[in-house]
Amino acid sequence: MPPMYSMPPLQTTAAPINSFYGGDFGMTTTTMSPVRAGPVPIAPDPVGLRQMNALKRMREEEDYSEFYQKRRRRAPSQTGPVELNEEEQLLLKLKEEENLPWKDIAVRFQTDLGKSYQVPALQMRFKRLRERMRTWTETDVQALEQAYDYWERFQFEIIAAKV
């Protein structure tokens with residue numbers, strides 16, 4: 001392997017270690033690396049750091065604005081009636097019409113359909129079903145957009161007021 005330094009190591013005579021430890025361990029000469037002209041800069045350049053942070057912030061803002069635009073341009077939810085299969089119809093009937101507890105709904109799924117579901121699975125299925133069935137009016141969408149815009153403009157003032 002070629003040497004890492006362009007200059008050969010320096011041979012120097014060092015004070016014997018025996019003065020401290022009480023013995024001469026055969027170490028009267030040591031090999032030292034060449035001395036560098038000055039300290040190695042390990043701290044970042046403040047000007048370069050500011051520029052780097054500014055570029056990073058600009059990229060994050062661009063990424064966020066692209067994400068926000070993509071998110072706001074989502075296809076509108078379906079406005080037609082939602083077709084429900086037998087399990088979904090039973091789930092809605094048992095929870096909304098009969099107002100049964102979740103454990104009883106799980107038992108009814110087992111007895112009526114012969115399918116065993118855990119309570120959290122039924123709860124999540126019910127939640128997703130209701131989200132799928134939800135219809136958003138134009139006023140709902142406008143209210144949601146206004147609330148989001150308000151939060152975007154005044155979020156720091158709102159947080160500061162609560163601290």
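**Notebook: fold, core and surface**

I started with the order of elements: from the N terminus on, the chain runs β-α-β-α-α-α-α-α. That gives 6 helices and 2 strands, where helices (H or I, at least four residues) and strands (E, at least two) are DSSP runs, numbered from the N terminus. A note on provenance: this is a predicted model, with local features needing pLDDT of at least 70 and side-chain atom pairs counting only at pLDDT 80 or more, while totals for chains, interfaces and linings use all residues. Residues are numbered from 1 along each chain as its sequence is written, and side-chain values use heavy atoms, with hydrogens and water left out.

**Whole chain**

I looked up burial next: 11% of the 163 residues count as buried (buried is under 20% relative accessible area, exposed over 50%, partly exposed in between; 1.4 Å probe, protein chains only). The chain exposes about 14300 Å², and carbon and sulfur atoms supply 57% of that (Shrake-Rupley areas, 1.4 Å probe; for residues, only the protein chains shown count as cover). I also checked contacts (heavy atoms within 4.5 Å): of those between residues at least 6 apart in sequence, 41% join residues at least 24 apart.

**Core**

The largest nonpolar core has 12 residues, among them Leu91, Leu92, Trp102, Phe109 and Phe126. Such a core is a set of buried Ala, Val, Leu, Ile, Met, Phe, Trp, Tyr and Cys residues joined through side-chain atoms within 4.5 Å. H3, helix H4 (102-113) and helix H5 (119-133) each give it two or more residues. I then picked Phe126: leaving out residues up to four places away in sequence, Phe126 touches Leu91, Leu92, Lys95, Glu96 and Trp102.

**Glu87**

I found Glu87 in helix H3 (residues 86-97). With a relative accessible area of 11%, Glu87 counts as buried. Its side chain makes a polar contact of 3.0 Å with that of Tyr117 (N or O atoms within 3.5 Å; within protein, one must be able to donate a hydrogen and the other to accept it, and residues adjacent in sequence count only if both atoms are side-chain atoms). Beyond neighbours within four places in sequence, I see Glu87 in contact with Phe109, Leu113, Lys115, Tyr117 and Arg125.

**Asn99**

I noted a positive phi, near 50°, at Asn99, a residue other than glycine. Asn99 is in the loop between H3 and H4 and counts as exposed because its relative accessibility is 59%.

**Trp151**

Last, I looked at Trp151 in helix H6 (residues 138-162). Trp151 counts as partly exposed because its relative accessibility is 35%.
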